[in-house]
Amino acid sequence: MAQAPLSIPALYAELKRFGQNQEFERALKIANKILQEDAGESAAFNCKVVCLGKLDKFDEALTALHKAKGHASDLKFEKAYCEYRLNRTMEALATLRSVEKPDNRTNELLAQVLYRLENYEECYQLYRNLIQNSEDEYDEERETNLSAVLASRQLWDEVDMDDPGLQEESYEMCYNMACYLIGRKDFQGAEKKLRKGEVFCRKMFEDDAEVTEDEIQDELAIIRVQLAFVLQKLGRPEEALAIYNQVMKHKPSDAGLSAVASNNIVTLNKDQNVFDSKKKMKSATSDNLKHKLTGKQRQSININQCLLHLHTNQTDQCHSLAAKLKTQFPDLSTPVLVDAAQYVKDKDYKRAIQLMQDYTKLHPEQAVKIQLASAQIHLVHGEVYQACDALKSLGDLQYRPGVVSALVTLYLSQEDSDSASDVLDRTVKWYQKNQANTPDHLLITRANANFQLKNGNPKQAAAMLEDLRRSMPNDPQTLAQLISAYSQFDPEKAQLISRDLPSVKTLAQNVDVDAVEAAFSTLGPKYMKRAQKTDTQPSPGPAGDMIIQKAKRKKKKKGKLPKNLDAEVDSERWVPRRERSYYRGKRKDKKKDIGKGTQGSASVPSGDMDASKGGSGSEANSPRPGSAPSPTASAAAAALPQGPRQQKPAQAQKKKKKKGSKW
């Protein structure tokens, strides 16, 4: 006998029972039966959508909502939630914005959507309102989310946020507050928060017997990666690299976390271990990370990938990725600089400079980095004046003391003091108009005065010093320099101004005589020792101090000339020996002419070594040691002028007899 179909009230009863028991598959079947009986049952349709959501069948839920347009108006929250879970964030935002009177759950979902869209300011205000206007078992979760938004505003938006003083009773809260401190550049404080959060996390899960060690390690991974980043910023790269490798060894389930760790390992490798860096960068740039990372994180990873191409000589990949990044981030100058660096590496620096100049025209707000890089490239290739022009194109920044110093130094390296003087004059005028009497103004004015004094322009120096004196009327250094400047072209004015110099009594008023004497007493023995070496007698001073006289330099005695010197005959005495007309070079060693053969046999002279054979060249005319000079050699010696040593008496030229050897 066939079973009679259940009535709609009975089906609703079963639907309720399955829902309370969280048997969503069976509840979905009952909801479909109710809708087959009556397609207008909105409660059954609502249950169907909820069951599909609980079963993670968000595509089917959205399809059902699109088909049943009559029910969709009442299920905007469910529709927005499905769109949010399917990463259709903008569609979810539009759906939530269309809700006329949003309740708390709608606002919480809206806050989640805004957080994913990185609209942290509105998200922060939403969470604050939710915490103030609601009180249930989810208050702690809302405070945790509020701390996450607070940290994101400080870290990514770089907005200076005040610490709300939230309770740090969970590892999530410790992690969020550590991120907040990282945004404030307080890395030491962030390290303490992260280590505290690591203790909280392990203690929380160790009490649960069902949680395995691998699950604990997976939960600790995000804290440890952030801790490694903090250690990296604190200048402890070895510790950071060890933590990164430990986390990657356990293969965390969060793909975004793995991407961040891989990217940071690449930054630590730099130009070393390139194969590992390529492998890590490939995992950090996979396609499934689009919704796992923030915009700033994706941007940093892409730039690091472009730099890796640059360092590994992958020219085409570097240019291609740089062009892509320039399109994605038009306000970011780093891709342009990397692209230009690749052109410089390709020995095409003119194209690199042209690339940067074109970018500067479209984005003048980025001119500082670009023009400084252009100046550097010009200097590397010896184009000093082009580098100066690049620095002058920085607008008002060209009047910064550092830039002015660089310009003056570059012009002086080319011995162009006029251009250097022009730079200083224009800078002083700019400060007089825009930032009068500021420390930089006084610094540049004094530098200009010193420069003009050094280069013989006392009138211009006096004008600069007069400005300084009006700003610092009691500065004795300025007054002394002003007197020195006027003394070169207006002595009367210098004499008049010199009356304003303070008296010696005033200058010595604050001098500690005892301290000066003590300082010189410590140096006394050192100078006394030097005085003893110079054989000079110190003269006693008025107070018994020893004044050391400077030792006189000994005059170098001139060498005595021979008595029988004839300057006309010995005219080449002061010419270097190698350049004299009778110089024939050093005598060659006889050992080089030893013949080859067996030991004990007499060598047969060759044709070149036989003196009896006539030959050409200097060897035929040179006397052999121990033999009588040839007629040619004797004639040459006679033609030379005789020196003083050759003019000595014959007795002085006799050879001394060798003493006999003692056996």
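Colleague: Quick one on Cys47: is this residue buried, exposed or partly exposed?
Modeller: Cys47 is partly exposed, with a relative accessible area of 28%. Keep in mind that this is a predicted model.

Colleague: And what about Cys201, buried or exposed?
Modeller: Cys201 is buried, with a relative accessible area of 0%.

Colleague: Which cysteine sulfur is closest to the one in Cys47?
Modeller: That would be the sulfur of Cys51, at 6.4 Å. A disulfide needs the two sulfur atoms within 2.5 Å, so the Cys47 sulfur is too far away for a bond.

Colleague: How many disulfides are there, then?
Modeller: The count comes to zero.

Colleague: OK, zooming out. How many helices and strands are in the protein chain?
Modeller: You get 32 helices and two strands.

Colleague: What share of the residues counts as buried?
Modeller: Of the 663 residues in the protein chain, 34% are buried. As for contacts, take those between residues at least 6 apart in sequence: 46% of them join residues at least 24 apart.

Colleague: Let's look at a helix pair. At what angle do H2 and H3 pack?
Modeller: H2 (residues 24-37) and H3 (residues 42-54) pack at about 150 degrees, and their axes are 9 Å apart. Angles over 145 degrees count as roughly antiparallel, so that is how H2 and H3 run relative to each other.

Colleague: Which residues make that contact?
Modeller: On the H2 side, Phe24, Ala27, Leu28, Ala31, Asn32, Ile34 and Leu35. H3 brings Ala44, Phe45, Lys48, Cys51, Leu52 and Lys54.

Colleague: Left-handed or right-handed, that crossing of H2 and H3?
Modeller: H2 passes H3 in a left-handed crossing.

Colleague: Now His441. Where does it lie?
Modeller: His441 is in helix H25, which covers residues 439-454. The residue is buried, with a relative accessible area of 7%.

Colleague: What does His441 touch?
Modeller: Leaving out residues up to four places away in sequence, His441 touches Val428, Tyr431, Gln432, Gln435 and Ala436.

Colleague: And how does H24 pack with H25?
Modeller: H24 (residues 417-434) packs against H25 at about 150 degrees, with the axes 9 Å apart. The two helices are therefore roughly antiparallel, and H24 passes H25 in a left-handed crossing. Residues of H24 in the contact include Leu424, Val428, Tyr431 and Gln432. From H25, His441 is one of the residues taking part, and Ile444 and Phe451 are also among them.

Colleague: Switching to H18: how far apart are its end C-alpha atoms?
Modeller: They are 20 Å apart. H18 has 14 residues (315-328), and at 1.5 Å a residue it should span 20 Å, so the two values agree.

Colleague: Which residues of H18 are buried?
Modeller: Cys318, His319, Leu321, Ala322 and Leu325.

Colleague: What do those buried residues pack against?
Modeller: Helix H17 (295-311) and helix H19 (334-345).

Colleague: Last one, Glu141. Which helix is it in?
Modeller: Glu141 sits in H10, residues 139-155. Glu141 is partly exposed, with a relative accessible area of 47%.

Colleague: And what separates the C-alpha atoms of Glu141 and Met173?
Modeller: A distance of 9.7 Å, with the two residues 32 apart along the chain.

Notes:
Residues numbered from 1 in each chain as written. Predicted model: local features only at pLDDT ≥ 70, side-chain atom pairs only at ≥ 80, totals over all residues. Heavy atoms only, no water. Buried < 20%, exposed > 50% of the residue type's maximum accessible area, 1.4 Å probe, protein only. Helix = DSSP H or I, 4+ residues; strand = E, 2+ residues; numbered from the N terminus. Expected span 1.5 Å × (residues − 1). Contact = heavy atoms within 4.5 Å. Axes fitted to C-alpha atoms, helices over the stretch in contact; angles between N-to-C directions. Parallel < 35°, antiparallel > 145°, perpendicular 65-115°, else oblique. Left-handed = near helix turned anticlockwise from the far one by under 90°.
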